[in-house]
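Subject: Structure handover

Hello,

The structure we spoke about is below. Please look it over before reading my notes, which follow it.

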Amino acid sequence: MEKKTPIVVGIGELLWDLLPTGKKAGGAPINFVYHASRLGGKGYAISAVGDDKYGEEILAELDKNHIQYLIEKVPYPTGTVQIQLEKGIPEYVITERVAWDHLSPTADAIDLAEKADAICFGTLAQRAKQSRETIQAILSFAPEAAYRLLDINMRQHYYNKELIEESLYLANTLKVNDEELEILKGMFELKGTEETLAKWFLEKYDLRLFVVTAGANYSAIYAKEGFSILPTPKVEVKDTVGAGDSFSGALIISLLRGKSLKEAHKTAVETAAFVCSQEGAWPSYDKEI
């Protein structure tokens with residue numbers, strides 16, 4: 001019997017990254033979907049855009065990249081993020097009161113969640129009450145076996161402990177970078193090594209995976225039954241926009257397609273390194289990694 005193509009869903013911010021070199025489509029959950037779909041998944045984006053030129057253009061970008069979507073048009077502008085690069089490292093200024101702050105739990109979105117093999121969400125898209133309630137409602141319909149990935153994405157002032165705890169109880173996989181891990185450590189008043197922290201989160205919130213990316217140094221994936229640590233490949237960095245999201249997308253789709261934790265980790269590392277060598281979060285690539 002032919003294996004079913006995994007259904008991967010990203011809920012949250014869909015926006016234009018306004019880079020010094022021009023605008024690129026992005027938004028962490030949708031970046032996740034882009035790369036998961038490139039590596040063999042059936043990708044869906046759940047978000048909202050404005051009835052404006054940026055909205056039309058980003059929907060065309062989704063069509064061009066064969067990402068299916070449930071996108072509402074709402075009376076707010078399409079999301080944008082101003083990005084300045086310092087030695088390839090992005091600094092973000094995120095526009096407020098935009099379309100993706102106003103998501104609704106549509107029947108189609110709930111139907112999709114019930115069929116999903118993986119759903120990616122973050123804290124940024126939950127900064128506004130309406131989208132927070134919508135995202136949490138949709139997640140509650142995901143199958144028990146599905147990966148529910150919280151890619152925490154701490155940006156500016158758009159997070160707090162209450163929101164993170166609410167999200168952790170809905171998730172079964174947590175991804176953080178090394179800077180975010182330090183914030184969590186202080187927020188939850190924890191001490192100890194990275195492995196100690198990982199074990200605490202795995203047990204406390206009954207997670208399947210705890211993922212840490214540490215930029216140019218290494219990445220680590222902790223599970224209750226073991227762990228994997230790999231160095232970050234050395235590449236000529238164009239920018240790191242979307243690299244962490246590509247790591248997440250490659251990791252989850254690889255696991256859904258039957259790879260071991262170590263094999264899936266290797267694919268995730270290689271995918272993120274490739275994205276760092278390109279401009280923007282959605283570089284084109286044809287071959288499977």
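Arg 97 sits in the loop that runs between strand 7 and helix 3; helices (H or I, at least four residues) and strands (E, at least two) are DSSP runs, numbered from the N terminus. With a relative accessibility of 63%, Arg 97 counts as exposed. Here buried means under 20% relative accessible area, exposed over 50%, and partly exposed in between, using a 1.4 Å probe and protein chains only. From Arg 97 to Glu 144 is 47 residues in sequence and 33 Å in space, C-alpha to C-alpha.

The model is predicted: local features need pLDDT of at least 70, side-chain atom pairs count only at pLDDT 80 or more, and totals for chains, interfaces and linings use all residues. Residues are numbered from 1 along each chain as its sequence is written, and side-chain values use heavy atoms, with hydrogens and water left out.

On confidence, pLDDT is the predictor's own score for each residue, from 0 to 100. The protein has a mean pLDDT of 92, with 96% of its residues at 70 or more. Strand 7 (residues 89-94) has the lowest confidence, a mean of 80, and strand 8 (residues 118-121) the highest, at 98.

Helix 3 covers residues 107-115, and its Ala 109, Ile 110, Leu 112 and Ala 113 are buried. Viewed down the axis of helix 3, these buried residues fall within an arc of 160 degrees, so they line one face of the helix; the arc is that of the directions from the helix axis to the C-beta atoms. Ala 107 and Lys 115, on the other side of helix 3, are exposed.

What about disulfides (pairs of cysteine sulfur atoms within 2.5 Å): how many does the structure hold? It holds zero. Cys 120 is in none, and the nearest cysteine sulfur, that of Cys 276, is 17 Å away. Cys 120 is buried, at 2% relative accessible area. Cys 276 also counts as buried, at 14% relative accessibility.

Last, the pocket. A pocket is an open set of points on a 1 Å grid over the protein atoms alone, where a 1.4 Å probe fits, with protein on both sides within 12 Å along at least five of seven lines; lining residues have an atom within 4 Å of a point. The largest pocket is lined by 44 residues, and Pro 90, Asn 177, Thr 240, Ala 243 and Gly 244 lie nearest its centre.

Regards

Notes: A disulfide is a pair of cysteine sulfur atoms within 2.5 Å.
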